[in-house]
Amino acid sequence: MSHDSSKLRRQIANALRALDAGRERARSERQGITHHDRSRKGQRFGSAVDRAACELVLKFRDRWRRHLRGCTKAAPDLRPMIAELKIPHARHLLLALLRQGLIPIDAQVPVTSADAPLRTEVDFVCCDAREGGMALVELKCGFCGYRTRASGRMQHELRQQNDSPEMQHHLQLALTTRMFRQTYRDVTRVSAYVVYCDDTGVTRQPLRVWASRAAKAATLRVAKFT
């Protein structure tokens, strides 16, 4: 194993340990907490891509766990697994993440809020092989041609922002990122991205600063009306 691959192995091992510890904490705090349902039940395309990608990432995670326990000699390779996916958009999504140095190691990761009785899930957690730390991915499928189309302005402290799907997605990611930091307190380096997957390809947008700043207030409002 090369120096780089040894470093990546340690990074993935540490990330999985931190996620397992935080997941146990999240489970113990679930009683009496409202689940903020973010499912895309009405969007068949998005649901199919999301489901296929999540299932593969969870399988990849479990192979890494077996490898770290010494059950297998060779570290798991995600690319041959991706090649077996039957849904093209799911393949394009995961290959695009790998090209950007983001290695997905977990999916549907539970998070809870310290600000309000609320819990939800992060779509994907990746190891950032280039910058170090973990990267959260909020996956959005479709929205081609209208994701920046605003129906007006947002309300309250966000009234300066357009109320478009794209802005809503960044605010949603800001909430889950804040909750992730609160749930997985051993993770010190976290970045976050909205990733769009549609017929034009896969694009990645870093979490907007304004959304991150508004995360606490938005969490309290979501909890109030959920």
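**Salt bridges in a predicted model**

Arg-23 and Asp-20 lie 3 residues apart in helix α1 (residues 3-28), which means that about one helical turn separates them. Helices here are DSSP runs of H or I with at least four residues, numbered from the N terminus. This is a predicted model, in which local features need pLDDT of at least 70 and side-chain atom pairs count only at pLDDT 80 or more, while totals for chains, interfaces and linings use all residues. Residues are numbered from 1 along each chain as its sequence is written, and side-chain values use heavy atoms, with hydrogens and water left out.

**Count and rule**
- A salt bridge is a side-chain nitrogen of Lys or Arg within 4 Å of a carboxyl oxygen of Asp or Glu.
- By this rule, the model has 9 salt bridges.
- Side chains of opposite charge can pair when their charged atoms come close.

**The pair in helix α1**
- Arg-23 and Asp-20 form a salt bridge through their side chains, at 3.4 Å from N to O.
- Arg-23 is buried, at 9% relative accessibility (buried means under 20% relative accessible area, exposed over 50%, partly exposed in between, with a 1.4 Å probe and protein chains only).
- Asp-20 is partly exposed, at 29%.

**Other pairs**
- Glu-138 and Lys-140 form a salt bridge, with their closest N and O atoms 3.4 Å apart.
- Both Lys-140 and Glu-138 are buried.
- A salt bridge also links the side chains of Arg-61 and Asp-62, at 3.2 Å from N to O.
- Arg-61 is buried at 13% relative accessibility, whereas Asp-62 is partly exposed at 28%.

**Network**
- Salt bridges with shared partners connect Asp-20, Arg-23, Arg-61, Asp-62, Arg-65 and Asp-106 in one network.

Key. Helices (H or I, at least four residues) and strands (E, at least two) are DSSP runs, numbered from the N terminus.
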